[in-house]
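Thanks for coming, everyone. Let me put the sequence and the structure on the screen.

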Amino acid sequence: QVQLVESGGGLVQAGGSLRLSCSASRSITSMSVMGWYRQAPGEQREWVARIMSPGNTNYADSVKGRFTISRDNAKNTVYLQMNNLKPEDTGVYYCHAIAPMTQYWGQGTQVTVSS
(Lines give C-alpha, C1' and ligand atoms only; values in the text may rest on other atoms or scores of the structure.)
Protein backbone atom coordinates (compact mmCIF):
# COMPACT_ATOMS: atom_id res chain seq x y z
CA GLN A 1 0.00 0.00 0.00
CA VAL A 2 1.19 3.51 -0.82
CA GLN A 3 -0.12 6.77 0.57
CA LEU A 4 0.08 9.84 -1.63
CA VAL A 5 -0.08 13.24 0.05
CA GLU A 6 -0.49 16.39 -1.99
CA SER A 7 0.54 19.85 -0.84
CA GLY A 8 1.16 23.30 -2.27
CA GLY A 9 -2.34 24.32 -3.23
CA GLY A 10 -3.80 27.67 -2.36
CA LEU A 11 -5.32 30.89 -3.63
CA VAL A 12 -3.50 32.79 -6.36
CA GLN A 13 -4.34 35.57 -8.79
CA ALA A 14 -4.58 34.92 -12.50
CA GLY A 15 -1.12 34.94 -14.03
CA GLY A 16 0.48 33.65 -10.86
CA SER A 17 2.27 30.41 -10.11
CA LEU A 18 2.01 27.49 -7.72
CA ARG A 19 4.05 24.32 -7.27
CA LEU A 20 2.20 21.23 -6.14
CA SER A 21 4.00 18.34 -4.48
CA CYS A 22 2.94 14.73 -4.15
CA SER A 23 4.86 12.82 -1.51
CA ALA A 24 4.65 9.04 -1.49
CA SER A 25 4.97 6.89 1.63
CA ARG A 26 7.49 4.62 -0.07
CA SER A 27 9.69 4.46 -3.12
CA ILE A 28 8.11 5.58 -6.37
CA THR A 29 10.65 3.81 -8.58
CA SER A 30 8.19 0.95 -9.07
CA MET A 31 5.49 3.34 -10.28
CA SER A 32 5.39 3.13 -14.05
CA VAL A 33 3.36 6.31 -14.30
CA MET A 34 2.72 9.18 -11.94
CA GLY A 35 0.42 12.02 -12.76
CA TRP A 36 -1.97 14.74 -11.80
CA TYR A 37 -5.71 15.05 -12.30
CA ARG A 38 -8.04 17.87 -11.34
CA GLN A 39 -11.72 18.29 -10.66
CA ALA A 40 -13.57 21.57 -10.88
CA PRO A 41 -16.84 22.08 -8.99
CA GLY A 42 -19.66 20.27 -10.76
CA GLU A 43 -17.29 18.74 -13.30
CA GLN A 44 -15.77 15.33 -13.85
CA ARG A 45 -12.21 14.64 -12.86
CA GLU A 46 -9.86 15.30 -15.78
CA TRP A 47 -6.31 14.30 -16.53
CA VAL A 48 -3.72 17.08 -16.41
CA ALA A 49 -0.23 15.62 -16.79
CA ARG A 50 1.78 12.42 -16.39
CA ILE A 51 5.38 11.34 -16.20
CA MET A 52 6.59 7.85 -17.01
CA SER A 53 9.47 6.01 -15.39
CA PRO A 54 11.99 6.89 -18.10
CA GLY A 55 11.01 10.54 -17.69
CA ASN A 56 8.73 11.01 -20.67
CA THR A 57 5.99 13.54 -20.02
CA ASN A 58 2.56 14.27 -21.47
CA TYR A 59 0.19 17.16 -20.89
CA ALA A 60 -3.43 18.00 -21.51
CA ASP A 61 -3.77 20.59 -24.25
CA SER A 62 -5.29 23.06 -21.78
CA VAL A 63 -2.10 23.19 -19.71
CA LYS A 64 0.61 22.55 -22.29
CA GLY A 65 3.28 25.22 -22.16
CA ARG A 66 2.19 26.42 -18.71
CA PHE A 67 2.53 23.35 -16.46
CA THR A 68 5.58 21.16 -15.92
CA ILE A 69 5.57 17.78 -14.21
CA SER A 70 8.72 16.29 -12.71
CA ARG A 71 9.67 13.51 -10.32
CA ASP A 72 12.42 13.14 -7.75
CA ASN A 73 12.82 9.43 -7.06
CA ALA A 74 15.27 10.08 -4.22
CA LYS A 75 12.60 12.09 -2.38
CA ASN A 76 9.67 9.89 -3.47
CA THR A 77 8.00 13.04 -4.73
CA VAL A 78 6.33 14.25 -7.89
CA TYR A 79 5.88 17.94 -8.61
CA LEU A 80 3.58 20.01 -10.77
CA GLN A 81 4.87 23.49 -11.51
CA MET A 82 1.97 25.64 -12.65
CA ASN A 83 2.68 29.00 -14.28
CA ASN A 84 0.44 31.63 -15.83
CA LEU A 85 -2.52 30.24 -13.94
CA LYS A 86 -6.02 30.97 -15.22
CA PRO A 87 -9.38 30.97 -13.39
CA GLU A 88 -10.32 27.83 -15.33
CA ASP A 89 -7.43 26.02 -13.61
CA THR A 90 -9.40 26.18 -10.36
CA GLY A 91 -10.19 22.82 -8.81
CA VAL A 92 -9.01 20.06 -6.55
CA TYR A 93 -5.77 18.56 -7.83
CA TYR A 94 -5.18 14.87 -7.23
CA CYS A 95 -1.96 12.88 -7.45
CA HIS A 96 -2.20 9.51 -9.17
CA ALA A 97 0.22 6.60 -9.38
CA ILE A 98 0.15 3.41 -11.41
CA ALA A 99 1.98 0.39 -10.05
CA PRO A 100 1.93 -3.23 -11.20
CA MET A 101 -1.64 -4.54 -10.81
CA THR A 102 -2.89 -1.46 -8.93
CA GLN A 103 -3.16 2.30 -8.75
CA TYR A 104 -3.24 4.92 -6.01
CA TRP A 105 -4.86 8.30 -5.46
CA GLY A 106 -4.10 11.10 -3.07
CA GLN A 107 -6.72 13.06 -1.16
CA GLY A 108 -6.31 16.20 -3.25
CA THR A 109 -5.26 19.80 -2.73
CA GLN A 110 -7.37 22.82 -3.58
CA VAL A 111 -6.18 25.34 -6.15
CA THR A 112 -8.18 28.53 -6.57
CA VAL A 113 -7.28 31.10 -9.21
CA SER A 114 -8.99 34.46 -8.92
CA SER A 115 -9.53 36.75 -11.90
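Ground rules first. This is a predicted model: local features need pLDDT of at least 70, side-chain atom pairs count only at pLDDT 80 or more, and totals for chains, interfaces and linings use all residues. Residues are numbered from 1 along each chain as its sequence is written, and side-chain values use heavy atoms, with hydrogens and water left out.

Start with the disulfide. A disulfide here is a pair of cysteine sulfur atoms within 2.5 Å. The count comes to 1. The partners are Cys 22 and Cys 95, with their sulfur atoms 2.0 Å apart. The pair links distant parts of the chain: Cys 22 sits in strand β3 and Cys 95 in strand β9, 73 residues apart. Strands are DSSP runs of E, at least two residues long, numbered from the N terminus. The S-S torsion of Cys 22 and Cys 95 is about -80 degrees, so this disulfide is left-handed. Are the two cysteines buried or exposed? Both Cys 22 and Cys 95 are buried. Buried means under 20% relative accessible area, exposed means over 50%, and partly exposed is in between, using a 1.4 Å probe and protein chains only.

Now the core. A nonpolar core is a set of buried Ala, Val, Leu, Ile, Met, Phe, Trp, Tyr and Cys residues joined through side-chain atoms within 4.5 Å. The largest one has 30 residues, and Leu 4, Met 34, Trp 36, Leu 80, Met 82 and Tyr 93 touch the most other members. Strands β3, β4, β5, β7, β8, β9 and β11 each supply at least two residues of this core. Take Met 34. Beyond its neighbours within four places in sequence, its contacts include Leu 4, Ile 69 and both cysteines, Cys 22 and Cys 95. Contact means heavy atoms within 4.5 Å.

Next, the hairpin. β7 and β8 form it, with 4 residues between them. Asn 76 in the turn has a positive phi of about 55 degrees. The two strands run antiparallel and are joined by 6 bridges; pairing takes at least two DSSP bridges.

Now Arg 38, in strand β4. Arg 38 counts as buried because its relative accessible area is 5%. Which side chains does Arg 38 meet in polar contacts? One is Glu 46, at 2.6 Å. Another is Tyr 93, at 3.0 Å. A polar contact is a pair of N or O atoms within 3.5 Å; within protein, one must be able to donate a hydrogen and the other to accept it, and residues adjacent in sequence count only if both atoms are side-chain atoms. Arg 38 also touches Phe 67, among others.

Last, Ser 32, in the loop between β3 and β4. Its relative accessibility is 35%, so Ser 32 counts as partly exposed. Ser 32 and Pro 100 are 68 residues apart in sequence, yet 7.8 Å apart in space, C-alpha to C-alpha. Ser 32 touches Arg 71 and Ile 98, among others.

That is the tour. Over to you.
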